[in-house]
Structure formats: C-alpha cells, structure tokens
Amino acid sequence: MPHCFGGAGARREACLQSAMEASERPVYFVFHLQSWTVVPDFTHHAHSASLSAVAVNNRYVVTGSRDETIQIYDMKKKIEHGALLQHNGTITCLEFYGTAHLLSGAEDGLICIWNTKRWECLKSIKAHKGHVTSLSIHPSGKLALSVGTDKTLRTWNLVEGRSAFIKNLKQNAHIIKWSPDGERYVTVITNKVDIYQLDTASITGTITTEKRISSLIFVTDSILAIAGDDEMIRFYSCDSQKCLCEFKAHENRIKDIYSFEREGQHVIVTASSDGYIKMWNLDLNKIKDVPSLLCEVNTKARLTCLAVWLDQSLETKENSEKAETSSQANEDEKSSIVRKNKVCRTQKSDKTAKRKRKITPEKTKLEAPLQKKKKKRNSSA
C-alpha cells in the first residue's frame, strides 16, 4: 500500500496547536489500494520551519525545510532516523537515485551527494552562484541536471562528480525534469515549458500556460501533466505541444503533483493549498477523457509538497503469493499430465509384454551374444 507524504503549512485548527507548533509540517496518510479509502497513519512535527521538499525511495523518506535541515525517516521501522546538516540555506530539492544515493540542493548554491547506507556526504559541489532551484537525475544515474537563480542550466557528471556542461538561460528556471527514458528533458520558467532533446541539447518545442507552473511530471515518455497557480490539471503532448485534456482538480491552486503505476493502473496524486490530497485514475488509452476520482482527504493544512511511498514488501508478498498460486496450478497440471502419461505407459507396457511373450526363446538367446560382441568391439575401439 502506498503512503502519501504532504508537507503542510500552518494548521487551521489553531486551538489545538501553539504558535510555535503551528509552523508547516509533513502530514502522513496511508492509502489502501484495495478499497481506495484514506486512513491517517501518523503526523510528525518534523521541522522548526516550513517544508520545502520531500523525496522517497524503497525504504526512506527525506524532508527538506526552511530550517536548513534534511530529516530522515525509516518507513520500515516507522522511526525518525536522523538529520543531515550540510547545507546553509533552505533545502529546495531532494532526489534519490536507487537505494544507495541521494542528491540535495539548497539556497546556498550547493548540491550534495549522499551515501544512503552510512548517510555521509560523499561530495559537496558549488553548483550555482545563486540558489539551486531544481535538480533531476538521469535514469542511468551517470548525469544530473540543475537550474538556479544564476540563469544557468548545468549538466553534472556524477561518475566523476564534476561539471560537464553549462548553458545560459534568458531567465531563471525553477523546475527541471528528465523523461523516464532519458531521451528528453524539460525546464520551466514561470509559465513556460521548454522541451529539450538529449542528443542535440536543443529546444524541440515550447508549452505556455496562463498561470505560473508549480509542478510538472512525465506521465509517459511523451505526455506531461502540468499543475499551476490555478485549480486545473492539464495533460500535454511533448511531440505536438498540444493540450490533450484539462480538468478542474481542486478549489484552490495546486502545489504538487505525483504519479505512480500499480498493476497496470496509472494513478495521479495531487495536493492543493485547499488542504485536499486527491488520487485520480488515469486511462492512458483514453487520455482525452477526464480522469476519475478514486479518493480524497482533507488534511486541514496548507500543503506545500507531496510524495508517495510504495510498500515494496507488500507488493513482493502479493507477487510471490500470485507466483505460488500459478506455480501450484502448473504443478497440478503437470501431475495430471504425469498421471495420464503413467496410464498410457502402463497400457503400452502391457501390450509390449504381450508382444514379448510371442518372441521365441531362440531369438532371445541370439540377441544377447550380439550385444556382447558390440560391447567388445566398442571397448577395443
């Protein structure tokens, strides 16, 4: 089952919290996929200031804040694991690569590469002269892209931990994202999305929206889901740059959008300033149709960021149970085939026995010496 993590703003239930505790915090919810019901799991006062970033891998959840710290949570043990204190400034972006590495960016202009086994900083890179606003790791893990307030787009060689390429931009970009296949990437400058091709590093198309874009994800290698400072979610084709579908998702501006796939079902998760987290079922074969609402929850908080943690152990268990069921079915089928074969062989052996009874003793005596002679010839050879 997935857990949804929302970085929240000041609680509206001020009577339940003091002024100090009313600062922004993450709110955690469990989503049961079987019935698509939403059940609160736990809430934790993670930081002394508002949340600005959240990321997940198969075991950990990390949150970044304006308090300049990164907090780590072990989701298997359901405990607070520790804090990372390398940055001097608001944590602006966090991204895992696999199970072994985490990249963090902050307003101090640094990108830090962390080993998630020992949680030590392997390398600290002075990435931008201004703030690091966004970063994205290539699916191969060998490259990363970052944008900052110095109007540059930088390519990083993660194998050697050095800058590989610098591209000057006309304005500051605040989002950068690789496509799942790693063949293209996009930058977001206010309300404009520029689509780049990897092999040429040139812009192949531009998408412009009416309002500022707050979040963007690749639903597929060629379809983007874009959310902004309004209530709408829009799906765009990267090839034609045309809007394929748009629908009203919330009553207020959408702060973050996330997607995942489970058992062939594509799910879009949205978080809004109205306090709601919603999950939508997206049919890629009918991309022009409005996604259907699966469930929603009112967190009664001003949400700032969102991530979904999928419990891989439960998925593995479900898959193993399915595999056991199918293997048992195969075994049953095989055993029935074996039983049939045994019956067939028994019938054949009875017939063969009857035939052998018809063979004369003389022929039986002659066959044995011939076999011995053949064996002698083979051994002498």
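1. Let me start with the hairpin of β6 and β7, which has four residues between its strands. Lys78 sits in that turn and has a positive phi of about 55°. The two strands run antiparallel and are joined by five bridges, and Gln71 stands opposite Ala83 in β7. Please keep in mind throughout that this is a predicted model.

2. On its other pairing, β6 partners strand β5 (residues 60-65) in the antiparallel sense, again over five bridges. Here Gly64 stands opposite Ile70 in β6. This hairpin also has four residues between the strands, and Glu68 in the turn shows a positive phi of about 75°.

3. Strand β6 itself (residues 70-74) deserves a look in your viewer: five of its five residues are buried. Both faces are covered, with Ile70, Ile72 and Asp74 on one side and Gln71 and Tyr73 on the other.

4. Val193 stands opposite Ile207 in β19. Four residues lie between the strands of this hairpin, and Ala201 takes a positive phi near 55°.

5. Turning to charged pairs, the structure holds ten salt bridges. One of them brings together the side chains of Arg154 and Asp150, at 3.5 Å from N to O. Arg154 is buried, with a relative accessible area of 12%, and Asp150 is buried too, at 18%.

6. Another salt bridge joins the side chains of Arg184 and Asp239 at 3.0 Å, N to O. Arg184 lies in strand β17 (residues 184-189) and Asp239 in the loop between β22 (232-237) and β23 (243-248), so the pair ties together parts that are 55 residues apart in sequence. How do the two ends sit, buried or exposed? Arg184 counts as buried at 12% relative accessibility, whereas Asp239 is exposed, with a relative accessible area of 55%.

7. Glu296 and Lys278 also meet through their side chains in a salt bridge, at 3.7 Å from N to O. This pair links distant parts of the chain, with Glu296 in strand β27 (residues 292-298) and Lys278 in strand β26 (residues 276-282), 18 residues apart. Glu296 counts as partly exposed at 38% relative accessibility, while Lys278 counts as buried at 12%.

Conventions. Residues numbered from 1 in each chain as written. Predicted model: local features only at pLDDT ≥ 70, side-chain atom pairs only at ≥ 80, totals over all residues. Heavy atoms only, no water. Pairing = 2+ DSSP bridges. Buried < 20%, exposed > 50% of the residue type's maximum accessible area, 1.4 Å probe, protein only. Salt bridge = Lys/Arg side-chain N within 4 Å of Asp/Glu carboxyl O.
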